[in-house]
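Hello,

Here is the structure I promised to hand over. Please have a look at it first, and then read my notes below.

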Amino acid sequence: MTATADYKTLAERASKELAEATATEALRWTAETFGDDFIVASNMQDAVLIDLATQVKPDVDVLFLQTGYHFPETIGTRDAVQAVYPGVRIVNAEAAQSVAEQDAEYGPKLHERDPNLCCRLRKVVPLRNTLAKYSAWVTGVRRVDAPTRANTPIVTWDDRNGLVKINPIAPWSDDEFNGYISEHGILENPLVSIGYLSIGCAPCTAKVAPGQDARSGRWAGQGKTECGLHG
């Protein structure tokens, strides 16, 4: 049996065994199972997942997709995370081309003309290249984020990237999530407080209208709801 098949079997078993696991239980299992061979993904909207992960592995690797299009506040949050959690190693995953090089090949503002291609070049491919160095990754995806994420399991096999995927806070409600931030004084991107409830690249992120789900502020008016990282 290949290593991939072994990990796929492991993920299928863990999906059942950890179906009701708490975030800490899921992360402890991840650290015990994979050691240094996993990475925690963060878009630097907040440090909830990083805070949870460092409780079981203070020197955890943290993946940040450096797309070249981030808000200054997002870069500031990334730098603040490094200061508050000095043990973590932030892995800045970058596209093969700079924004200027991409503009030269595809034309300016590709994100307006073909957002799927832009996401692929600046997010999906860099993510895949980075994840290829690990056997598992941890994400902050929650079921309440959007209808497309309503059935997110705590542990699953990520067939697209070929590794185990752990979503420890998948069951958390907004009240639980915001309560954790308040109770523990967790770092949060300052854009959240002014209405940016799902933060991605600056050109493709808008404030969320009252009563709308958080993801409605991404690619507004383009009929696009996911960048391709999670589906």
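**Notes on the rings, helices and loops**

W29 and F34 are both buried, where buried means under 20% relative accessible area, exposed over 50% and partly exposed in between, using a 1.4 Å probe and protein chains only. Before going further, please keep in mind that this is a predicted model, in which local features need pLDDT of at least 70, side-chain atom pairs count only at pLDDT 80 or more, and totals for chains, interfaces and linings use all residues. Residues are numbered from 1 along each chain as its sequence is written, and side-chain values use heavy atoms, with hydrogens and water left out.

Now to the rings. The structure holds four aromatic pairs; rings of Phe, Tyr and Trp (its six-membered ring) pair if their centres lie within 6.5 Å, with planes under 30 degrees apart counted as stacked, over 60 as edge-to-face and the rest as tilted. One of the pairs is Y7 with F34: the ring centres are 5.6 Å apart and the planes stand at 35 degrees, so this pair is tilted. The pair links distant parts of the chain, since Y7 is in helix α1 (residues 3-17) and F34 is in helix α2 (residues 23-34), 27 residues apart. Helices here are DSSP runs (H or I, at least four residues), as are strands (E, at least two), numbered from the N terminus. Y7 is partly exposed at 27% relative accessibility, while F34 has 6% and counts as buried. W29 and F34 also pair, with centres 5.8 Å apart and planes at 85 degrees, so they are edge-to-face.

How do α2 and helix α3 (residues 48-56) cross? Their axes come within 9 Å and cross at roughly 55 degrees; axes are lines fitted to C-alpha atoms, for helices over the stretch in contact, and angles run from 0 to 180 degrees between N-to-C directions. The two helices are therefore oblique to each other (under 35 degrees is roughly parallel, over 145 roughly antiparallel, 65 to 115 roughly perpendicular and the rest oblique). A23, T24, L27, R28 and A31 in α2 meet L52, A53 and V56 in α3, contact meaning heavy atoms within 4.5 Å.

Two loop residues are worth a look. M44, in the loop between β1 (38-41) and α3, has a positive phi of about 60 degrees although it is not a glycine, and M44 is buried at 0% relative accessible area. K109, in the loop between α5 (99-106) and α6 (110-113), is not a glycine but has a positive phi of about 55 degrees; K109 is partly exposed at 49%.

Best wishes
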